[in-house]
Amino acid sequence: MSREIKFEICTRRKDGSDLFIEVVTLDDLINRNGCYYSPSIQEIVYKREFTGLKDKKDVDIYNGDKLLFNGYISNVVYNVGNARFEAHGEKHTVPAHKFK
């Protein structure tokens, strides 16, 4: 399965003003030589990887999102050992390909 590699990155100016959220593809990063923000004046607030999946409203699902699945609220996490995204809840773990 091939998926688009992209990230949602949130930065903030170091003086505390201007919060900025941008979705950046791998091609964007390559074209910018990996430089996407200015560390002298900005800090990264968070960064999240796209799972390659969308919810039923066609919205991208990112690592760290919360989903309602089979009546349970779950956190989307990447499982390194299984090399896949999963939804983890209190009573279950669901492989990402079963999200829809």
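## Salt bridges in this model

A salt bridge here is a side-chain nitrogen of Lys or Arg within 4 Å of a carboxyl oxygen of Asp or Glu. The model we're looking at is predicted, and searching the whole structure turns up 7 salt bridges. The general idea is simple: side chains of opposite charge can pair when their charged atoms come close.

Let's start with lysine 6, which pairs with glutamate 4; their closest N and O atoms sit 3.7 Å apart, so the pair makes it under the 4 Å cut-off.

## Arginine 48 and its two partners

Which residues does arginine 48 pair with? One is glutamate 8, with 2.8 Å between the closest N and O atoms. This pair ties together distant parts of the chain, given that glutamate 8 is in strand 1 (residues 6–13) and arginine 48 is in strand 3 (residues 42–54), 40 residues apart. Glutamate 8 and arginine 48 are both buried.

Another is aspartate 65, whose closest N–O approach to arginine 48 is 2.4 Å. Again, distant parts of the chain get linked: aspartate 65 lies in the loop between strand 4 (60–62) and strand 5 (66–69), 17 residues apart from arginine 48 in strand 3. As for accessibility, aspartate 65 is buried, and arginine 48 is too.

Note on methods
Residues numbered from 1 in each chain as written. Predicted model: local features only at pLDDT ≥ 70, side-chain atom pairs only at ≥ 80, totals over all residues. Heavy atoms only, no water. Helix = DSSP H or I, 4+ residues; strand = E, 2+ residues; numbered from the N terminus. Buried < 20%, exposed > 50% of the residue type's maximum accessible area, 1.4 Å probe, protein only.
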